[in-house]
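Have a look at the sequence and coordinates below, then follow along.

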Amino acid sequence: MNEAAATLPPSALKVQEAADRLALTIDVRAMPQSTRTAEEAAAACGCGVGQIIKSLVFAGKRSGTPYLLLVSGRNRVDEKGVAEAIGEALTRPDAAKVREWTGFAIGGIPPFGHATALPVFVDEDLLSHAVVWAAAGTPFAVFAVEPKALAAAVGGKVIRVT
C-alpha cells in the first residue's frame, strides 16, 4: 500500500484492497469535490461523461438475483434490451437492498469488492475509451482504469445497454 492509500477513507481503502486481490492496478484518489453523479465525476476527473462508469444494481424480477451493470455515464439503460441479454426482466431495488448486496451506498458503488458476488454486465460503449473512471467506495473517491482490463478482472459480460 502506498502512502496516499493509507489516508483513504475505510470504504475507499476496501476498494483499493479488492483491486489488489484482483491483480488490477489502480490508484484510488480521494477527491475534494463530489463525484456522486456522472457529471460531477467527469468534472472532477477532467474527462468526458462517457468515460465515467455508473455502477448500477438491478434485480431479476423472477429470481431476485442482483445484477451489476457498468454503464457509460452518458448512457441510459434500456431495461427491456438488457433484460433480453440477461435472460429475465429487471427491477430496481431500493437503496437499502443495494447497500446490503454491495456494502456501499449509491453514489460510491465501485465495480468490484462487493459484499455479495454479483454477475457483472459491461456497457460496450465503455470499451471505446482508453481510460475510464469509477467510484471507489464513497461519493468522494475515484480511480482510473483501462476498461478491457476491468471487464476481464470482474468477469464482466460485454453487452449493449442502450
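**Labels and what backs them**

A23 sits in the loop between α2 and β1. Before the questions, some housekeeping: this is a predicted model, where local features need pLDDT of at least 70, side-chain atom pairs count only at pLDDT 80 or more, and totals for chains, interfaces and linings use all residues. Numbering starts from 1 along each chain as its sequence is written, and side-chain values use heavy atoms, with hydrogens and water left out.

Q: Why is A23 called exposed?
A: A23 has a relative accessible area of 69%. Exposed means over 50%, buried under 20% and partly exposed in between, with a 1.4 Å probe and protein chains only, so A23 is exposed.

Q: Why is A105 called partly exposed?
A: A105, in the loop between α5 and β5, has a relative accessible area of 30%, so it counts as partly exposed. A105 and S11 are 94 residues apart in sequence, and their C-alpha atoms are 9.9 Å apart in space.

Q: What makes α2 a helix, and how does its reach compare with the expected span?
A: Helices are DSSP runs of H or I with at least four residues, strands are E runs of at least two, and both are numbered from the N terminus. Helix α2 (residues 10–21) has 12 residues. The expected span is 1.5 Å times one less than the number of residues, and α2 reaches 16 Å from its first C-alpha to its last, close to the 16 Å expected. Its buried residues are A12, L13, V15, Q16, A18 and A19.

Q: What makes β3 and β5 a pair?
A: Two strands pair if DSSP finds at least two bridges between them. Strand β3 (residues 66–72) and β5 are joined by 3 bridges and run parallel, with L69 as the bridge partner of F121 in β5. β5 also pairs with strand β8 (residues 157–159) in the parallel sense over 3 bridges, where F121 stands opposite K157.

Q: Which way do the residues of β5 point?
A: V120 and V122 point one way, F121 and D123 the other way, and all are buried. In a regular strand the side chains alternate between the two faces of the sheet.

Q: What makes a set of residues a nonpolar core, and which have the most contacts inside the largest one?
A: The members are buried Ala, Val, Leu, Ile, Met, Phe, Trp, Tyr and Cys residues joined through side-chain atoms within 4.5 Å. The largest core has 32 residues, and those with the most contacts inside it are V15, I26, V28, L70, F112, F143 and L150. α2 gives the most to this core, with 5 residues.
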